[in-house]
Amino acid sequence: FDDRLEQQQDVVSTLSLLSPAQIAADALATSAGTDSASALAFRRSTNAYLHALKAPIIALAKDGSNMTAQAYGALPRYTPQPRRPAPVLAMLYLAGLTVILGAVAARRFATIKLV
């Protein structure tokens, strides 16, 4: 499932170059950490953590011992994935597109004669 989702996201990111609205949505989602690539990285890191945590928890359960502070301290810790950098290139593209369209609109509005 994850591999297929990753392939679909590659196609979507390629096609998104045609839509400024999609570029803006992707830039905002990436900045917020809510895009599908961040979600996929989060799922992979949590699965790796659960696999690392499984053996010590099973060993504690087989021993029949209580969870002590020392046993809890010996358990592996979850470290979240680092945040992806903000999509500066997409923001620059959108800013440039806005300036160009604004200049075209200003030029057209300048030709309007008010009576």
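Author: Let's start with a rule: two rings of Phe, Tyr or Trp count as a pair if their centres lie within 6.5 Å. Keep in mind that this is a predicted model.

Reader: How many aromatic pairs does that rule give here?

Author: The count comes to one aromatic pair. The partners are tyrosine 49 and tyrosine 78, with 5.4 Å from centre to centre.

Reader: Why is the pair of tyrosine 49 and tyrosine 78 called edge-to-face?

Author: Look at the planes: there are 70 degrees between them. The label edge-to-face goes to planes over 60 degrees apart, so this pair, at 70 degrees, gets that name.

Reader: What makes this a link between distant parts of the chain?

Author: Tyrosine 49 belongs to helix α3 (residues 36-63), while tyrosine 78 is in the loop between α4 (69-74) and α5, and the two are 29 residues apart.

Reader: Why are tyrosine 49 and tyrosine 78 called partly exposed?

Author: Buried means under 20% relative accessible area and exposed means over 50%. Tyrosine 49 has 24% and tyrosine 78 has 28%. Both values fall in between, so partly exposed is the term for each.

Reader: And why does threonine 111 count as exposed?

Author: Threonine 111 has a relative accessible area of 55%. The cut-off is over 50%, so exposed it is. You'll find threonine 111 in the segment after α5.

Reader: What makes up the contact of α2 with α5, by class?

Author: Pro20, Ile23, Ala24, Ala27 and Ser31 in α2 meet Ala90, Met91, Tyr93, Leu94 and Leu97 in α5. By class that's nine nonpolar, one polar and no charged residues. The helices pack at about 145 degrees with axes 10 Å apart, and the crossing is left-handed.

Notes. Residues numbered from 1 in each chain as written. Predicted model: local features only at pLDDT ≥ 70, side-chain atom pairs only at ≥ 80, totals over all residues. Heavy atoms only, no water. Axes fitted to C-alpha atoms, helices over the stretch in contact; angles between N-to-C directions. Helix = DSSP H or I, 4+ residues; strand = E, 2+ residues; numbered from the N terminus. Left-handed = near helix turned anticlockwise from the far one by under 90°. Contact = heavy atoms within 4.5 Å. Nonpolar A, V, L, I, M, F, W, Y, C, P; charged D, E, K, R; others polar. Phe/Tyr/Trp six-rings, centres within 6.5 Å; stacked < 30°, edge-to-face > 60°. Buried < 20%, exposed > 50% of the residue type's maximum accessible area, 1.4 Å probe, protein only.
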